[in-house]
Amino acid sequence: MATEVMAQAEESRTNYLTNGHTVKSWLLTLDHKRIGLLYLFSISIFFAIGGIYAALIRLELITPQGDLMTAETYNRVFTMHGVMMIFFFLIPSIPATLGNFLLPLMLGTKDVAFPRLNLLSWYVFMVGAILMLITIMSGGVDTGWTFYPPYSSIYSNSQVTLAGVSIFITGFSSILTGLNFMVTIHTMRAPGLTWFRLPLFVWAHYATSLIQVLGTPVVAITVLALAFERTLQIGIFDPKLGGDPVLFQHMFWFYSHPAVYIMIIPSMGVISELIANMTRKKVFGYHFVAFSSLAIAVFGFLVWGHHMFTSSQSMYAGMVFSLITYAVAIPSAIKTFNWTATIFKGSVSYDTPMIYALAFIGLFTIGGMTGLFLAALGLDVHLHDTYFVVAHFHYVMVGGAIIGYLGGLHFWWPKMTGRMYPEVWGRISAAIVFLGFNLTFFPQFIVGYLGMPRRYHAYVPEYQVWHILSTAGASLLAIGFIMPVVYLAWSLKYGEKAGDNPWMAAGLEWETSSPPPTENFTYQPVINHDAYEFENVKEIKEAAAKEAALQTA
Amino acid sequence: MSLFSFQIPFMPEQASKFALEVDLFYIALWLITIGVTIGIVIAIFVFMVKYKRRHNGEIPDQIEGHMMLEILWSVIPFIICIGIFAWGAKIYYQMYSEPKESLEIFVTGKQWMWRAQHPDGQREINTLHVPVGRRVKLTMTSEDVLHAYFIPAFRTKTDVVPGRYTTTWFEATKPGTYHIFCAEYCGTQHSGMIGTVTAMEPGEYQAWLGGGTNEPPAIVGERLFSSLACNTCHTADGKGRGPKLTELYGKQVKLNNGSSVTFDDTYIRESILDPAAKVVENYQVIMPSFRGQISEEQIGQVIAYLKSIGPKDGDAAAKPAATAAAKPAAAKPAPAATK
Ligand SMILES: [Cu+2]
Ligand SMILES: [Cu+2]
């Protein structure tokens, strides 16, 4: 009886979702939560496009001959796969969706520091994305996502300039988001919420924003210089025009190595939240985990030359870059060990977000450890530009970044929508993603060491068995990715009502209602304790009281 | 391929001196990786089972952290990493240091083929014939975009960059035929830019060299040197309008800006294409650029000629006589092919 009345009261209360139903109320919204959902919707589409390209790649590679499509088409397909996935899915993925949605909630504030800038960044992103879709429709690009000149500047007859302009514009959206987050974290924390009381998700986003703001301008300049060389024949990179092709590689990787951390650090932030809340334990070594994000962000700027060990850069430069790369591996190791230690003596839940978190630890360990192979100078000479590299960065980007994103999406789904996803399906799909992923990418380590170069449309027959395994895994992986789309969409209408704190999690975002009201909190939160203090969680206390009552009864 | 072709290989054939070293390193890294991963996975499984949530109101005892553990799991991985770094750097140092006494082959990459020119004049496309048991150094450049010369069986790879020379070297240990792949994406037929390297016993290699009717690059270079009229200024008596180039290869040259530069492949190439870039002291910038009139392969031949008239150290280098026909020069035995 009482619960029914409460449910009705909840129903009638307006939340950020019911506050305006028109298209205009979405497209002109300044609410960070709605902007997060706008991003979520957009990047899901771009992920699907990138995924279709991935499927085409895997289908082509079933046989050694290039028989499904021409070499020219294949080159465009793998390029667009990389471009869509990196610039339009992975880089915005967690910060622009979960970050946008959660940061003000976690800080106990109404919105980000610059709500209008936040909306602008989505529009800038969409302009860049639409330009990229136009690029695709006018033939696409065949240079690889790395755009190495002089091929990209002089020789390629695909839409390089248009793609460059698109990436240039999209970069600004990333800069604006980073800037907004940094200012928000600095100035908008609720009373009592000191830096070392912040959830680790916030620390991760602070580190990520730093990279976005400092790194993205460099890639913007680089693609602009490329466009100038291509359209105006200004010699910057092509030796025939008096330029230096290796200069481009330096500039490109100065951003693109740290960009790897733009993709992975937010995911690490998510994992810290998931493990703490799913085990009801404070994250082991909070300060180490927090500062390791910053260390990765800062040192990540000093390792770009590890992409150029065979590029004719000097041997001693190679040694310096190799050494610093090993130094930057340590903060990642520290995080992994701390997460594992957090589970120790915890109260471990087996729900979907935890399964994703554990999958992350396993896959990211392999991804990170194989990075040690590639940072090893004498071994990288053989491995560079082979499928070993492809396998390695998919372990980090998919096994790390995307797994973290999916785990976070499941964990905060009830907060975002007010509904639970079906738990059984969540667990099944997480298991399928894990198996499919390993079957897709583990064989690529082997075929890479055997010598299979990346970006090959056709290959020598002795590699076929590994490609067949990989394609089989990719089919499974596709199922694992499609399932959440279906059941999450289903849950919007039919999912069980979530309640404010279905996980009994600690964290300010769980103290407000699900979905939260437009202004996030109906009161001003004041914080007087650290993050992850589970004895403060009302729902756990109630459950404990109920259990005690049952026992005495 | 081996007789046991049903056996699934995890490594390419080991056909060079580097191969075994690289493989041992690779296996060691997998052992570390598997060890660490299994350790973490076991820990997770044990914790999962042992600390499964038993009731809904459960709050476990909190652990803030542990300073000693943090130090241990930072310092131990760091030490292991330094070890890996040193091991990798050692192999890299060998791979990218100039080999002593080697057979030098000139390679040009071009969309989408590999051309190789042997010092004795043999030329080949998309194949490379090398003797086993002898260091072979490839000096490479590209006529268009970036490529990379990758021989998995030798564990060597180096980018081939337009506008500059890069080098790679190896010593084949096992006769056989192995793949050459272009590893740096270079456009439409990138995956077709492949070929084979054939490692042969030194005797067979000599026989193979004698099989063609090609002239040594130094001879062709000498002809180019006069047909492009280089010799009208760069006279042998040193009184021409350009500096004398005999006895010069490998020596230091003073420039008009006070600095100096080694008269090597890179400087020669640059001076042919961009004569004004580094002008020799006391000379004027009167030389025209030969950009567009001379191919990368021809530049390599001019370099071979200038090298052949360079300073002779001890053993007489194969200096072709001006009137020498192709055959006798090609038949001249290469420097002792002992290990
Ligand atoms: Cu990198
Ligand atoms: Cu190539």
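Which protein donors does the copper ion (ligand 1) have, and how far from it do they lie? The points below take up that site and two other parts of this predicted model.

1. **Copper site.** Three histidines of chain A supply the protein donors. They are His257(A) through ND1, His306(A) through NE2 and His307(A) through NE2. Their distances from the copper ion (ligand 1) run from 1.7 to 2.0 Å.

2. **Spacing of the donors.** Along the sequence, the donor residues follow the pattern H-x48-H-H. His257(A) belongs to helix α10 (residues 245–279) of chain A, while His306(A) sits in the loop between α11 (286–299) and α12 (315–343), so this pair ties together parts 49 residues apart in sequence. Both His257(A) and His306(A) are buried.

3. **Helix α4.** Does the length of this helix in chain A agree or disagree with its residue count? It agrees: at 1.5 Å a residue, the 20 residues of α4 (residues 71–90) should span 28 Å, and the end C-alpha atoms are 27 Å apart. Helix α4(A) is also mostly covered, with 18 of its 20 residues buried.

4. **Pro422(A).** This proline lies in the loop between α15 (387–417) and α16 (423–449) of chain A. Is Pro422(A) buried or exposed? Its relative accessibility is 16%, and buried means under 20%, so Pro422(A) counts as buried.

5. **Contacts of Pro422(A).** Setting aside neighbours within four places in sequence, Pro422(A) is in contact with Tyr487(A), Trp490(A) and Ser491(A). Take Trp490(A): 68 residues separate it from Pro422(A) in sequence, yet their C-alpha atoms are 9.1 Å apart in space.

Conventions
Residues numbered from 1 in each chain as written. Chains lettered and ligands numbered in written order. Predicted model: local features only at pLDDT ≥ 70, side-chain atom pairs only at ≥ 80, totals over all residues. Heavy atoms only, no water. Helix = DSSP H or I, 4+ residues; strand = E, 2+ residues; numbered from the N terminus. Expected span 1.5 Å × (residues − 1). Buried < 20%, exposed > 50% of the residue type's maximum accessible area, 1.4 Å probe, protein only. Donors = N, O, S within 2.8 Å, 3.2 Å for Na, K, Ca; no water. Contact = heavy atoms within 4.5 Å.
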